[in-house]
Amino acid sequence: MRSRTIGLLGLGTVGQALVSIIQEVHPDLHVAKALVRDVNRHRTIDIPMTTRPEEILFDPEIDLVVEVTGGRELPRQWITQALAANKDVVTANKEVMAYYGSELLAAARQSGRQLRYEAAVAGGVPILDALTHHLSVVPLRRIDGVLNGTCNFILSQMEHGASYTEALAEAQRLGYAEADPTADVGGDDTARKVLLLAQLGFHLEAAIESVDTVGITGVTAHHLARLETFHLGLRLVGSAIWDKDSLSLRVAPTVYRVPHPFLDLEGPDNAIRVVSQAGAFWFQGPGAGGYATATSVISDIFRIRTHNGSLNPPPPGHYPIRQATSRYVCFTHDPDQSLPLGLPGELQRLGSYAIVAPGFSQEALDEYGLCQFLWGEET
Ligand SMILES: NC(=O)c1ccc[n+]([C@@H]2O[C@H](COP(=O)([O-])OP(=O)(O)OC[C@H]3O[C@@H](n4cnc5c(N)ncnc54)[C@H](OP(=O)(O)O)[C@@H]3O)[C@@H](O)[C@H]2O)c1
């Protein structure tokens, strides 16, 4: 294996962890320089820095670029330039891959370089590698994932009685949530990751807009307390579901019976269940954090170095995207009120709640004084 000279775009949480792991245990890798916004900012490690991307992208000594800045348009431009300059690229950036992945992977194929992005989904959990290699030999039925640690933390705080606003403020205080948490709580972050999982698992070409996305902003502590009385719990779940000849992609607050592995996730850990013709496979581990994320980045660097497979998916199929046929858990807002008789579409009445299909319109919900959440299990 030949040694690699790495140019780093970004020296924040992931970038600094990456450099410190490389300096500690991988002397055969060399990080030549890092792109930052502010060279005077305090860092935990000491390497040459620049604010000029071209010093990395066009340096002939650098043969591998790692992009860990975040955002969309600039990383798109930098990754394209790096591939065109004959450099392999590793990124941890789910946003750029969800919006421009097809274009960037095509650019990688055209230039004969590799573009890998294991860290973009579930941080340190090697799920993309598993989908690309081990699980690619068997048809998949569905992929479900709890993929956002911020939402896990907020929901578990609300289960302990905090309001949504209090839980979000605590998440921000502890550094679990960004100052602008919209992408996390609104479900967009999970949608990006589900799209990347579906692209590899189902060889899918689809735009991010095809993921039907609902976040957790409408969930209240009252909902969670009511669910608890039914021995149910809720997490934000992203799903890609194959049915006969079409696929549905969605993100929604989803209810499971206690105990369930998804309900145990209270912080940065992520979990993914891949259901295939060979059975269900579970993956769980740290979905965020500098060290865990950097581990996936280094694993990608090793894969590139040994020419050991690629995350470039095979040519995509053009599957119809459909609305999922879903079942919902339905219950009254008021614990003293029982479920009305004759619910439209009722499937299964279980004491004080029912599992119904399809979901009610907002008008019907209001008329019956009901709330509903997606039911995550097969009925
Ligand atoms: N943190 C995690 O746990 C985690 C997990 C999975 C994936 N990721 C992904 O990894 C990427 C990096 O995340 P992070 O947490 O390390 O971010 P971060 O701590 O905010 O670091 C970003 C770095 O990029 C630099 N940067 C940003 N915009 C720049 C620009 N326009 N020009 C030059 N430098 C720029 C910043 O420079 P300054 O330091 O000078 O500001 C900083 O060093 C993101 O795509 C994120 O989604 C992160």
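**Figure 1. Residues at the contact between helices α6 and α7 in the predicted model.** From helix α6, the residues Thr150, Phe153, Ile154, Gln157 and Met158 take part in the contact. Their counterparts in helix α7 are Tyr164, Ala167, Leu168, Glu170 and Ala171. Sorted by class, the contact of α6 with α7 comprises seven nonpolar, two polar and one charged residues.

**Figure 2. Packing geometry of helices α6 and α7.** Helix α6 spans residues 149–159, and helix α7 spans residues 164–173. The two helices pack at an angle of about 130°, and their axes lie 9 Å apart. Because of this angle, α6 is oblique to α7. The crossing that α6 and α7 form is right-handed.

**Figure 3. Helices and strands of the protein, with its overall dimensions.** The protein contains 12 helices and 16 strands. Taken along the principal axes, the box filled by its C-alpha atoms is roughly 75 × 45 × 30 Å. The radius of gyration of the protein is 22 Å, which agrees with the value near 21 Å that a compact globule of 379 residues would have.

**Figure 4. Burial and contacts in the protein.** Of the 379 residues, 46% count as buried; a residue falls in this class if 20 or more other C-beta atoms lie within 10 Å of its own. Contacts between residues at least 6 apart in sequence are also considered for the protein. Among these contacts, 73% join residues at least 24 apart.

Note on methods:
Residues are numbered from 1 along each chain as its sequence is written. This is a predicted model: local features need pLDDT of at least 70, side-chain atom pairs count only at pLDDT 80 or more; totals for chains, interfaces and linings use all residues. Helices (H or I, at least four residues) and strands (E, at least two) are DSSP runs, numbered from the N terminus. The radius of gyration is taken over C-alpha atoms; the globule rule is 2.2 Å times the number of residues to the power 0.38. A residue is buried if 20 or more other C-beta atoms lie within 10 Å of its own, exposed if 12 or fewer, and partly exposed in between; C-beta atoms are placed from the backbone. Two residues are in contact if their C-beta atoms, placed from the backbone, lie within 7 Å. Axes are lines fitted to C-alpha atoms, for helices over the stretch in contact, and angles run from 0 to 180 degrees between N-to-C directions. Angles under 35 degrees count as roughly parallel, over 145 as roughly antiparallel, 65 to 115 as roughly perpendicular and the rest as oblique. A crossing is left-handed if the near helix is turned anticlockwise from the far one by less than a right angle, and right-handed if clockwise. Ala, Val, Leu, Ile, Met, Phe, Trp, Tyr, Cys and Pro count as nonpolar, Asp, Glu, Lys and Arg as charged, and the others, Gly among them, as polar.
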